[in-house]
Amino acid sequence: MSFSQNGTPKSLQIGDLQVGEAHAPFVAAEMSGNHNGDLGRALAIVDAIAETGAPAIKLQTYTADTITIDADGPAFRITDSHGLWGGRNLYSLYQEAHTPWEWHEAIFARAREHGMIPFSSPFDDTAVDLLEDLGAEVYKIASLEIGDIPLLRKVARTGKPVILSTGAADAGDVDLAVKTLRAEGNDQIAVLGCTSSYPATAEASNLRTIPVLADTWKVVGGLSDHTKGIGVSVAAVAFGAAILEKHVTLRRADGGVDSDFSLEPEELKALVDESYAAWLALGEVHVGPTTSEAESQRLRRSLFVVKDVRAGEEITAENVRSIRPAGGLEPRYLDVVLGRTFAKDVERGTPLSWDLV
């Protein structure tokens, strides 16, 4: 478990929720471009996420012009070999994928009607201003913006918690980003392990990095997961991931820029449920029976007399055996009692005790 500078377990206050290893996983459902340019679909995604029990929905706040420029040289095209967006021009991709700013208010309002926390990744100062106007309670810095120091400063100065993704970043990038936020007086920081490939593979997820991130920078740890399915995210809980971010769509078959690695609502529900179960299962360091095992303890094996015997008869493997339930001498004493004699008559089914030997 990561600890803050004063030695207390590290946690963030996001809305009404405490977020950290000592609390249930904070599952943030990323809509991204899965609205497919339709506000009605965007609101339907919000409704579907709410039904899963996920506490938060995340957007991305940019336009094609705030994230890049309209240019078509080789540098502005995604490499042809890219599995999902090969050959796409950045400007046209972001035009397709962005969430129109005029939709944000309606999406935030719908999320809050459901009791969820809406938040977003801003990509420039004007996006931060919009999100502040909407009362955003937490900010996410996307992986490829981790080095945008002016943006980090702007976000830090809101005083809200900041979640950093580390895809394609090295330790120096993370260190500079965390120091930049803290220099602005903001120590409400989470750092998410992330593999910035789409989709990411399980073997590239390196979940053992999560506690290193948390402990090195004294932050809340988590995972921004671009793999298919929920297995990697559930496993991340065992490594201290307090925040789990997954892309969500209504149906992958509907298509869309991120649909290939997005969860459908029933899969998100499974993630919410199973990540919570994984967190509960961590428990504490404990060797020995638990209170829930009382009946199993009662049914453990012990030594019983399995034939009617008379006083003076020899104790043998035929008349004393190790069987269920408990109540008799522990099975480790079988070699001690074999060859000795019964002190009195004993009926079959009697637990063997020292006064009978």
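**A cavity, an aromatic cluster and a buried histidine**

Strand β9 gives the most to the lining of the largest cavity, contributing 3 residues. The model described here is predicted, and a search of it returns 1 cavity of 30 Å³ or more. The space inside the largest cavity comes to about 40 Å³. Its lining is made up of Gly193, Cys194, Thr195, Ala200, Ser205, Leu223, Ser224, Asp225, His226 and Thr227. Two elements, β8 (189-194) and β9 (220-225), each give two or more residues to this lining. Sorted by class, the lining residues of the largest cavity are 3 nonpolar, 6 polar and 1 charged.

Attention now turns to the aromatic rings. Across the whole structure, 5 aromatic pairs are found. One of them joins Tyr62 and Tyr94 in an edge-to-face arrangement, with 5.7 Å from centre to centre and 75° between the planes. Tyr62 sits in the loop between β4 (56-61) and α2 (64-67), while Tyr94 belongs to helix α3 (residues 90-97), so this pair ties together parts that lie 32 residues apart in sequence.

Tyr62 also has a second ring partner. Its ring centre lies 5.2 Å from that of Phe123, and because the two planes stand at 75°, this pair too is edge-to-face. Here again distant parts of the chain are linked: Tyr62 comes from the loop between β4 and α2, and Phe123 from the loop between β5 (117-122) and α5 (125-133), 61 residues apart. Taken together, Tyr62, Tyr94 and Phe123 form one aromatic cluster. How accessible are Tyr62 and Phe123? Tyr62 has 4% relative accessibility and therefore counts as buried. Phe123, at 8% relative accessibility, counts as buried as well.

Is His104 buried or exposed? Its relative accessibility is 0%, so His104 counts as buried. A polar atom of the His104 side chain lies 3.2 Å from the backbone oxygen of Pro100. Leaving aside residues up to four places away in sequence, His104 touches Leu59, Gln60, Thr61, Thr99, Leu130, Leu131 and Leu134.

Technical notes:
Residues are numbered from 1 along each chain as its sequence is written. This is a predicted model: local features need pLDDT of at least 70, side-chain atom pairs count only at pLDDT 80 or more; totals for chains, interfaces and linings use all residues. Side-chain values use heavy atoms; hydrogens and water are left out. Buried means under 20% relative accessible area, exposed over 50%, partly exposed in between (1.4 Å probe, protein chains only). A polar contact is a pair of N or O atoms within 3.5 Å; within protein, one must be able to donate a hydrogen and the other to accept it, and residues adjacent in sequence count only if both atoms are side-chain atoms. Contact means heavy atoms within 4.5 Å. Rings of Phe, Tyr and Trp (its six-membered ring) pair if their centres lie within 6.5 Å; planes under 30 degrees apart count as stacked, over 60 as edge-to-face and the rest as tilted. Helices (H or I, at least four residues) and strands (E, at least two) are DSSP runs, numbered from the N terminus. On a 1 Å grid over the protein atoms alone, a cavity is a set of points where a 1.4 Å probe fits but cannot get out, and a pocket is an open set with protein on both sides within 12 Å along at least five of seven lines; lining residues have an atom within 4 Å of a point. Grid points are joined across faces, edges and corners, and a volume is the space filled by probe spheres set on the points. Ala, Val, Leu, Ile, Met, Phe, Trp, Tyr, Cys and Pro count as nonpolar, Asp, Glu, Lys and Arg as charged, and the others, Gly among them, as polar.
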